[in-house]
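Here are some notes to read alongside the structure.

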Amino acid sequence: MDKLPIEILKKISNRKIVSLIVIPLLVAFLVNLYLIFYFERFSPNPFYFIVNKKLSILKKIDKKVDWLVVGDSSGNQGVNPAIIKDSIGGSSYNLCTFADMGLMDGCWMLDYLIKSDLAPKNVIMVQVYDSWNRNVYPALFGQYPFSWIYRKAVEPELFIPEQYRKDVFYSHFLPIIHQADRIPDRIKTLRSFKQKLAYIDDNGYNPYTFGVNEYEINADFKYHLKYTTDREPYISPHNLIAIKYLQEISENTDINIYLANSPLHDELFADSTFNKFYTKLNEIISSHFNESGRVHYINNPPILFNKSLLQSSDHLTDEGAEIFTRHLLKEISKAKLE
Amino acid sequence: MLFNSTVFFGFFLIVLIAYFSFKKSYKLQNILLLISSYVFYGYWDWRFLFLIALSTVIDFFVGKTLHGEQNERKRKQLLFISVFANLSILGFFKYFNFFADSFTDVLNLFGFHGDMITLKVILPVGISFYTFQTMSYTIDIYRKKLKPTKDFIDFALFVSFFPQLVAGPIERAVNLLPQISKARIIKKEQIYAGIFLILWGYFKKVVIADNMGLLADRIFNNYESFHGIDLYIGIIAFSIQIYGDFSGYSDIARGIAKLLGFDLMVNFRLPYFAINPSDFWNRWHISLSSWLRDYLYISLGGNRKGNLKTYRNLGLTMLLGGLWHGASWNFVLWGAFHGIILIVYRYIGFVKLPDGMRGMNIKAIFKRWGSMIIMLLITLFGWLIFRVDSMDQFEYFLKYMYLRPSGFTSEFLKLIFWFSLPLIIMQIFQHIKKDLLVVLRLPNIILIVLFSIMLLIIFIFGAQEASEFIYFQF
């Protein structure tokens, strides 16, 4: 047979062994250090990027805000603070993130401002219908400040299982492990990333200006139809904790809270199965806020949009966001009168 | 505890520090390693520590008694106790449901309604490895190739040594026990080789194997969505995955052992460069193939009793070798396939390297590479049998494996190319120089750069969540 390969040991000095161990580890350490700072601004993970951006805006707030907009991605690209400011004046910021955080991070951001003596006068909380049954997605914990997760610096408090505390640590201090898998994707999509996600206004608005993609809308439509079939609506334990917090805020402060349904695709809302689910969910949500004087449940039923103004079933284009923002302001005026 | 997990890093660091702090006493080191090995195994499921302990106790006392026994009948009885005990443990935990289900299927085939009890038996990790390892001890004592150890701790460590406990290499007592029973002198060359083996092992596992695994799973788990060249790609991806995964684990195990001063046997010697099936089994999972050769094939008579019996022995050995891999008919068929190939090659006389393939002339090189390619294609076909979940899937592959690309082919080929390229380059150099540690000949500065790049690639391209090694399921 062809001669089999063997292991031929090589002589080496102590110095060389040490250099072979230390230098690669040092290189990895330095790369990790660089990534800690780089990813805080430009995380290759689009979810992380948006959370980091919104948190950096939050930390820069140094005056009491008139209109704080929090919530999920439907609000992130659906509510334009500049329109609020132009319409009714006052300062406004959009700190919406993702449905995977439910109501929780909106409450945390609100609490952060309250504890910093910068309590906003009004809070608009935009939530898509399918965020209500979700508990907070642990992978996102790592993007929130250490003190929020480990030292419970903000309320409401959330019990985070030990396995996810590890993720928080890795996300903050070992991005080379935690986020580096996205680097190859980022390199491939760098240009489009810079166009799409990197553009977030200083007021936090993340406009969608890249045209309507019918395929995406149709696929999302099917997803939501499937989601609401053979399923009962409910509110997740984490969101119940958040609701309790909002009720306490409404009782103990003079902050006005406007809990708004996200915009919706008209064809989706017209589907009977979806509509039944949605209506039942709204009844459940309303029941929690019936006696909360300062928490107003608005945009119920939701304002509907056709495909030409949508990116997906609940995400609007920039033109759609203008309509939605103005609609919310009308809803808020109506609520104030009531 | 997986090698590619943060828990293991912490565990190994603590063990290493404690190990070196006990360097004046190898007995204390052995106790430390034994406890560590039980912690390592128990981390997965502490309930199955009882099985390792049972196997250890039985074989230690059988070995001791066997050595002192002169009566041949009694010697055979003692050996039987060891083999029966180990195979019973293995048979129950690994094969009970398989045989029960198969028996039921046979009954149903003949119109009888069988309803065998199927137990929810958990397969203990590593059971196929440590039972074979400990059986080799008693068999070697029976064959008077080995004297038993008097030290129970040493023997217990031999059975449970954590670097190779759950996925090999399956060590022989003649190799490992003497290393356990004396003070280890850890040479710099060993550390040098160990560092490379660990790094290269992780690279093969988390970068190459895990990424190829994603591609293989995508094709195999959704096979009806693919056809043509994509199906070939699925098989190639799996062949890279299983090699990277298993040889990666072996390298990490051997590298860790080297840092502790132990030399474990080489388990892979560039198997995809084999020119015939005998050569392949001298290169692939060597610890298992040599175990099967020494304790099964030779016990059956080997090639000493004429051609027909040789073929029978080859077939039976490979069939059982396939069954060793798992309680599933495709593993048995895979074993049978390799048995048939071995028999065919033996029949045509291509067992040793023919004269026409020796030397460096063009014709000889061409013939050698031609043989390698044929053997590789045979191996790839074998991996198809190994990987499929059902007969339908196998038939689908055979029916739709034509040479036509799809819209995915280009993307798949790029993935295969980029992830297999480092492996191919390394293996070509290892093959040309006949040295598995050839890369250590590079100048130090180049090695530092190479190691740094490999480490970064492991972090960036490696799987985020620790994924199990394929051979853990065996």
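1. The contact (heavy atoms within 4.5 Å) draws in 35 residues of chain A and 43 residues of chain B. Keep in mind that this is a predicted model, where local features need pLDDT of at least 70, side-chain atom pairs need 80 or more, and totals for chains, interfaces and linings use all residues. Residues are numbered from 1 along each chain, chains are lettered from A in the order written, and side-chain values use heavy atoms, without hydrogens or water.

2. About 3500 Å² is buried between chain A and chain B, with 69% of that from carbon and sulfur atoms. Buried area here is the accessible area (1.4 Å probe) that two parts lose on being put together, summed over both.

3. Three salt bridges turn up across the interface of chain A and chain B; the rule wants a side-chain nitrogen of Lys or Arg within 4 Å of a carboxyl oxygen of Asp or Glu. Asp435(B) and Lys10(A) meet in a salt bridge through their side chains, at 2.8 Å from N to O.

4. Which helix gives the largest share of the side of chain A that touches chain B? Helix 1 of chain A does, with twelve residues. Helices are DSSP runs (H or I, at least four residues), numbered from the N terminus.

5. Over in chain B, Lys94(B) sits in helix 4. Lys94(B) counts as buried because its relative accessibility is 7%, and the cut-off is under 20% relative accessible area (1.4 Å probe, protein chains only).

How values were computed. Helix = DSSP H or I, 4+ residues; strand = E, 2+ residues; numbered from the N terminus. Buried < 20%, exposed > 50% of the residue type's maximum accessible area, 1.4 Å probe, protein only.
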